[in-house]
4 protein chains.
Amino acid sequence: MSGNSRGDRFRVTTFGESHGGGVGVVIDGCPAGVPFPLAEIAAQLARRRPGQSHLSTQRKEDDLPELLSGVCPETGATLGTPITLVVRNKDARSAHYKDMANLYRPSHADYTYEARFGLRAPSGGGRASARETVGRVAAGALAQTLLRRAHGVEIVAWVDQVGDVYAADVDEAAITSEAVDAHAVRCPDIAAATEMEATIVAARAAGDSVGGSIRCVARGVPPGWGAPVFDKITADLAGALMSLPATRGVEFGEGFAATTMRGSAHNDAFTTSDGAIVTATNRSGGVQGGITTGAPLRMRVGFKPVATIFKPQQTVTNTGEEVTFQPAKGRHDPCVLPRAVPMVEAMVALVLADHMLRALGARDSDLGSSS
Amino acid sequence: MSGNSRGDRFRVTTFGESHGGGVGVVIDGCPAGVPFPLAEIAAQLARRRPGQSHLSTQRKEDDLPELLSGVCPETGATLGTPITLVVRNKDARSAHYKDMANLYRPSHADYTYEARFGLRAPSGGGRASARETVGRVAAGALAQTLLRRAHGVEIVAWVDQVGDVYAADVDEAAITSEAVDAHAVRCPDIAAATEMEATIVAARAAGDSVGGSIRCVARGVPPGWGAPVFDKITADLAGALMSLPATRGVEFGEGFAATTMRGSAHNDAFTTSDGAIVTATNRSGGVQGGITTGAPLRMRVGFKPVATIFKPQQTVTNTGEEVTFQPAKGRHDPCVLPRAVPMVEAMVALVLADHMLRALGARDSDLGSSS
Amino acid sequence: MSGNSRGDRFRVTTFGESHGGGVGVVIDGCPAGVPFPLAEIAAQLARRRPGQSHLSTQRKEDDLPELLSGVCPETGATLGTPITLVVRNKDARSAHYKDMANLYRPSHADYTYEARFGLRAPSGGGRASARETVGRVAAGALAQTLLRRAHGVEIVAWVDQVGDVYAADVDEAAITSEAVDAHAVRCPDIAAATEMEATIVAARAAGDSVGGSIRCVARGVPPGWGAPVFDKITADLAGALMSLPATRGVEFGEGFAATTMRGSAHNDAFTTSDGAIVTATNRSGGVQGGITTGAPLRMRVGFKPVATIFKPQQTVTNTGEEVTFQPAKGRHDPCVLPRAVPMVEAMVALVLADHMLRALGARDSDLGSSS
Amino acid sequence: MSGNSRGDRFRVTTFGESHGGGVGVVIDGCPAGVPFPLAEIAAQLARRRPGQSHLSTQRKEDDLPELLSGVCPETGATLGTPITLVVRNKDARSAHYKDMANLYRPSHADYTYEARFGLRAPSGGGRASARETVGRVAAGALAQTLLRRAHGVEIVAWVDQVGDVYAADVDEAAITSEAVDAHAVRCPDIAAATEMEATIVAARAAGDSVGGSIRCVARGVPPGWGAPVFDKITADLAGALMSLPATRGVEFGEGFAATTMRGSAHNDAFTTSDGAIVTATNRSGGVQGGITTGAPLRMRVGFKPVATIFKPQQTVTNTGEEVTFQPAKGRHDPCVLPRAVPMVEAMVALVLADHMLRALGARDSDLGSSS
């Protein structure tokens, strides 16, 4: 397979380049009879959209998705067949890219795409463009709806860090998307958000970019999702999150901080609460041996500073000529973090919806067997 | 699928519990005609084996693999058919586990396995045992052989950190497995290794455990391996590495440190060297847009302190009764890091061998087409 | 997975219902650099299109495909990314279907869809409609182009039988699509075609339908494609062909006729021709042990008479009420065979293109290894 | 993937050559808590075993399976982890094969294996040997147990034809495995069986082989299993059955006979029986649009005469030299049909068990969703 699909039972295939006919997604494996959540999808796409605030690129795309298949026109319910959503490319100024068709932008995928495919789309980033994530975010919104309806799962991500500014501790049991969206930076600690905003604005003023990290929590996931070996839920989440553009690392629970702890300080004791078996602490981030414990999933994803900057940089052309490259000030975000929040939520939702479906049939009793 | 297989074209399926007939692996997709590297496989298994030094569990297993299929007895070459390797379980003292059959060990998979499957193997860790990795390490040694023969790829991992002791910078261009194995801790910085050893010994003396991290470099990977979207090579490596027991995080290139940098400081400029296009720096860790650049792959994996400790801990039984749990001093490593080095190398090799094969056919010219 | 994708390395996912926004296909795994054969795709779609002759339904659809992704607008070459083609639904008279929303048409999928999904699209056949094959035929035309460019493979299918009228023996070494298309029935034996036409016209006049069979030959397939066990090329072709609507059986080489033969009469002796090893006969249909011999692939597919007829039939509603069902004379073909010819070619091409790509990397020497 | 695995949720991977260490299977996806049916597995293997009657090869193998993993030693229940079964190769007289190491036996896979892999196992048929089916039959017996326990599904296959001898009509609603096994030929029509036996004995006396066909029925399959497009249950069964050695064709319901019928004669009217919706006839063989109707599945598989005969045949060596090949009278069945009966049952069971699991989660209500 060529790596444009993800998921086993809730399977998404994204398609489209940044400057072709459009981008979109086919979702295969959504159960039949789900009221199709077009409003939720549009809302998540709006959070991903460029040009949504003064902090992001001014490339304007309303990104309204067109529904091609999989939903009953009469009832609005999913049919159990592939759901296809397309967002047309409208604001495609490929002339912008003419100058760079023969050179390799530093830390972009220009060179590596050519190394793999022997060619690349001469205009825009092709599949490496963040625009590819439109399909993921749309599918993720559907996945979130499934998870909420079936188990009340809530997935909330937020900007935890921009450059060297970190959010103070957030109450992960209570954080909501509304609180996250209260500031354009999508950090619920407003004091930190203000500083992060200043960091972003300063980077842009300098023609530069800045990185950061996002935390995400998934509350309400029942015990027993995941698999023991290669498809540990942490493994699957790590693979899904690291497939987002510009990611550099991912950690779960206490993450790298756990590496300095002793077992006696890190282990989560089991206890009971209202008759249910629960962990007294949640340093493991809701997963043991790759399978969920019922406690909230907790994770963090690190993003590099985006490669597009407006300072002169050294690079080479495809004939090996050394050149200086400096794009005209253009339409790129100096910091992807605020717009990456719905992308992170989407990837987490896609993995969880897939594992919700995969958990069916794990036990003989699921089949209604009698001996 | 049930998560016991990994890889698309070089596909491994591991099987076996810690206390059943044995553990092993089926490798499907190995090209025909490869001299089967039994010695290399045995050598990597020896690095993974318990009881190999005073730092690890005294559970004795020589772990000699038995070859059931896939190799021509007459020539010793692979046949292009599934290769099956089995290691018998010999030292299975399941009586050890009788006491814990009804309670949930803190931060083990006992509870989550029951949540998923409705039951668990009453003896030992079942598939959650690190013994499951025997098959991965064996398959990984074969993958390393393929990679070395075809492209001279070298994969070297080492212990970078134990508790709060960190290795000084290691020359990633020169580090060898021999240097790594010079100390039982598998840290090539001998001064740090000595301190790490003391940290491990102290943890064991306290009936406790300790975490740490491993770095890995893969040199000689050509440009063009990987895929643009979900199967970015970083995504695939992240998923593979996070499927190892006790992992808590993974990062690539500068990793989380990149999140505090500006783009102008993080971008890798392209230049030429001996006529080839290369990057002047390698902060991205050998990958752009999910596809290899030709520079060494660089990554780090964090491991939690192992859950098995010999102090009393609070937990509950499967009927919800609160109990104190303290295992008899037994056969568990206080620190998995030294033995995890070959596991990390194996997972990296499995991903890279898979992508080596997947890269074939990416271009029309690979098919010998003429218009 | 939900069964809307097929292929391992040349992978197609079809989407769309007969009466929603449109139908289409995503093709993932097409090598980069292939001149996109839009004309060939349009030509094959024209052969599949309803209303193309007096023998088929008068439902008018020009079925012009819209290209959404995967092809470079500047050069017309494939990018190595997913190729998406959509054909809009235009002539959707769902009112036609109102009457039958609550009853189960005999030998249609109405009842079984409800049994699986708990609901069905109230208008038209949903995914069971032959309209779903638009995406297959489009993708198949691309696959045929790949196969032709790389190996000169030619795939030709023709109508071999309608009702009890059979074509005389056709010269499988010489048959061309042009000869097949010389008669609207798509049988190259014109005398038989004339009789078949009469059979179809008579069935239509009676408000009835009629079945038949299609033969297909693939010439130019090199030796060595396929796999030994579950993915024998015959197994894969059988699965692909039997996924077409209305199919009832498939056979290869001598097919069921081989079951009455002795081995000495059926075996294909090896000999040499111009220095190449070939079989003197081709009773096996170009495959031994699931792998191609280099001789032409030969197969036959049987189609039932289509379920839509215009005579009164007994059936029940979804509340179990017995009713008589007789559709208004409408837009359905009395015989699918002529339009199924490009569908058969498409499925064969999809399987072969997939196996062409899968054959890469079967040998150590494919990797350029040195010892 | 390399084609040694089959199934999506109930996934089997077979391994092993005819003359290596052994053959076996890994079954991944079996639900936990199923009493492991070792006796049923042994019984089906005994039906597949060579040397079981005077009609089959005298190669003696007791074929007792060894269980390596996936079953709890204490309780005998499946663990939800991969189940591995191995049967050792004991009676491996590879000297038998020395003479033929450099020539291509007519209608064997010798030539095609070399074409694919660049080499072949010099002794025996490697993966092309019918011995590979040991793993399938073992896994199929487990699948049959799952199906029986959950839904009372019964799968019965029998020899319908040997050469030009056909069984009279069999009562498909009542046929049992016991009736099938009453004669060594495994044809429940004893008069026909006696004639078939004579046909086989005559072929053997002539140093020749003979083909035939097997019918199979699966009773008790509930409505709603299967999928609309590529994974139609007929498509999946066709692919599975055609992956058996020596198969030449497969058909469902009325099969190729349907091609000569009119729709009014072929359609299955719906009616009610005891309040349930059923079809009055079952010409479609229990499947509409790729999804089960609840009526028995009905199918037929055609097998060629086996390629191994003891008459002189023309062939060539791997250097293109023309030679006459005549094996010493040896250990091969003149007719595979009797031993193929459990193989057919196994493949049908594997497909059905997979679709039983895949049917879970097809509807929103399966998830316990509330709006």
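1. A residue is called buried if 20 or more other C-beta atoms lie within 10 Å of its own. In this predicted model, Ala246(A) is buried, because 20 other C-beta atoms are found within 10 Å. The residue belongs to the loop of chain A that runs between α7 (233–241) and β9 (247–252).

2. The backbone of Ala246(A) deserves a remark. Most residues other than glycine have a negative phi. Ala246(A), although not a glycine, has a positive phi of about 75°.

3. Chain D may be read in the like manner. Ala246(D) is placed in the loop between α7 (233–241) and β9 (247–252) of chain D. Its phi is positive, about 75°, although Ala246(D) is not a glycine. With 20 other C-beta atoms within 10 Å, Ala246(D) is buried.

4. Helix α4 of chain D covers residues 133–151. At 1.5 Å a residue, its 19 residues should span 27 Å; the end C-alpha atoms are 26 Å apart, which agrees. Of these 19 residues, 16 are buried, so α4(D) is largely enclosed by the rest of the structure. After α4(D) comes Gly152(D), with a positive phi near 65°.

5. What rotation superposes chain A on chain C? The rotation is 180°, with 0.0 Å of shift along its axis, and the RMSD is 0.0 Å. That is the relation of a two-fold axis. The same surface serves both copies, since 100% of the contact residues of chain A recur in chain C.

Technical notes
Residues are numbered from 1 along each chain as its sequence is written. Chains are lettered from A and ligands numbered from 1 in the order in which they are written. This is a predicted model: local features need pLDDT of at least 70, side-chain atom pairs count only at pLDDT 80 or more; totals for chains, interfaces and linings use all residues. Helices (H or I, at least four residues) and strands (E, at least two) are DSSP runs, numbered from the N terminus. A residue is buried if 20 or more other C-beta atoms lie within 10 Å of its own, exposed if 12 or fewer, and partly exposed in between; C-beta atoms are placed from the backbone. Copies are superposed by least squares on the C-alpha atoms of residues with pLDDT of at least 70 in both. Two residues are in contact if their C-beta atoms, placed from the backbone, lie within 7 Å. The expected span of a helix is 1.5 Å times one less than its number of residues.
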